[in-house]
Amino acid sequence: MIDKVKETVAFILEEINIKPRFGVILGTGLGALVNDIDISHTLNYTDIPNFPLSTVEGHSGKLIFGKLEGREVVAMQGRFHYYEGYSMQEVTFPVRVMKLLGIERLFISNAAGGLNPDFQLSDLMVIDDHINLMPENPLVGENWDDFGPRFPDMSEPYDQDMIARAMEIAKQEDIPTHQGVYVGVTGPNLETKAEYKYLRVIGADAVGMSTIPENIVARHMELPCFAISVITDLCTPGNIEKVTVEKVIAAAMKAEPGMTRLLKALIADA
């Protein structure tokens, strides 16, 4: 894996002429942030050695390099999921690559189901902690000491300073934003009503199928991480409806301008 990461990094460095300071992973229906990037290079995942391919609607499959708010960034327009058949090492491979490219902070977005009864459709939730119910951990197997320790600490998986700043910005900008716990499940099916109840009982405010593996790998490499969910469906009693990809993308697109303002402000402040 280390050799593959280094091979991929070497290829990318031959194609670009900037050193990104920030990495951004864009979730389902949340790819429009790239419209605000002053793009210098675009690499298709299909052209990058060892990169997986995104197979999910709403994930275009491009690695974008450029400037956002005057800061050098690399953005993943499309991510990978365990339910696509990839191993957790493959799902998190791009995070390793971005770290070796030089990023100093990682920003992650996702579409999630709202378990907290205070949440409304298209609200934002800044993730301050998570519950990992996925069956595989990206750190299982031989530890790569060059990347991080065998037993990384997870007492603060998400950067507290960035969380506090994001909540300040949301209040100033009047963006409907909550703070809460994200629970990660395998998917790709959505949950039953009984499962939604169970996830709420164990302490989750939102549920999704991504983000946690990337966060674990980021923390393994001591890479500060900020993550935000867009609530694209409601999972509370009396509000549960049949969900389609089209509905999820529509809800995400409605919330995207607020999420974009938050991320841009955080990057500008860094």
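## The largest pocket

Strand β5 contributes four residues to the lining of the largest pocket, the most of any element. The structure described here is a predicted model. In this model, the largest pocket has a volume of about 490 Å³.

The lining of the largest pocket consists of 27 residues. Those that lie nearest the centre of the pocket are Thr 28, Tyr 83, Leu 190, Met 209 and Val 248. Two or more lining residues come from each of the elements β5 (105-114), β8 (206-208), β9 (225-234) and α7.

Helix α7, which gives two or more residues to the lining of the largest pocket, spans residues 245-269 and includes Thr 260. The relative accessibility of Thr 260 is 8%. A residue counts as buried when its relative accessible area is under 20%; Thr 260 is therefore classed as buried.

When residues up to four places away in sequence are not counted, Thr 260 touches Leu 33 and Asp 36.

## A nonpolar patch on the surface

A nonpolar patch on the surface is formed by Leu 133, Tyr 198, Val 201 and Ile 202. Together, these residues have about 360 Å² of accessible area.

One member of the patch, Tyr 198, is located in helix α5, which covers residues 193-201. Its relative accessible area is 45%. Partly exposed residues fall between the limit for buried, under 20%, and that for exposed, over 50%; Tyr 198 is therefore partly exposed.

Technical notes
Residues numbered from 1 in each chain as written. Predicted model: local features only at pLDDT ≥ 70, side-chain atom pairs only at ≥ 80, totals over all residues. Heavy atoms only, no water. Buried < 20%, exposed > 50% of the residue type's maximum accessible area, 1.4 Å probe, protein only. Contact = heavy atoms within 4.5 Å. Patch = residues over 30% accessible without salt bridge, like charges linked within 9 Å, V, L, I, M, F, W, Y side chains within 5 Å. Areas by Shrake-Rupley, 256 points an atom, 1.4 Å probe, with all protein chains shown as cover. Salt bridge = Lys/Arg side-chain N within 4 Å of Asp/Glu carboxyl O. 1 Å grid on protein atoms, 1.4 Å probe; cavity = no way out; pocket = protein on both sides within 12 Å on 5 of 7 lines; lining within 4 Å. Points joined across faces, edges and corners; volume = space filled by probe spheres on them.
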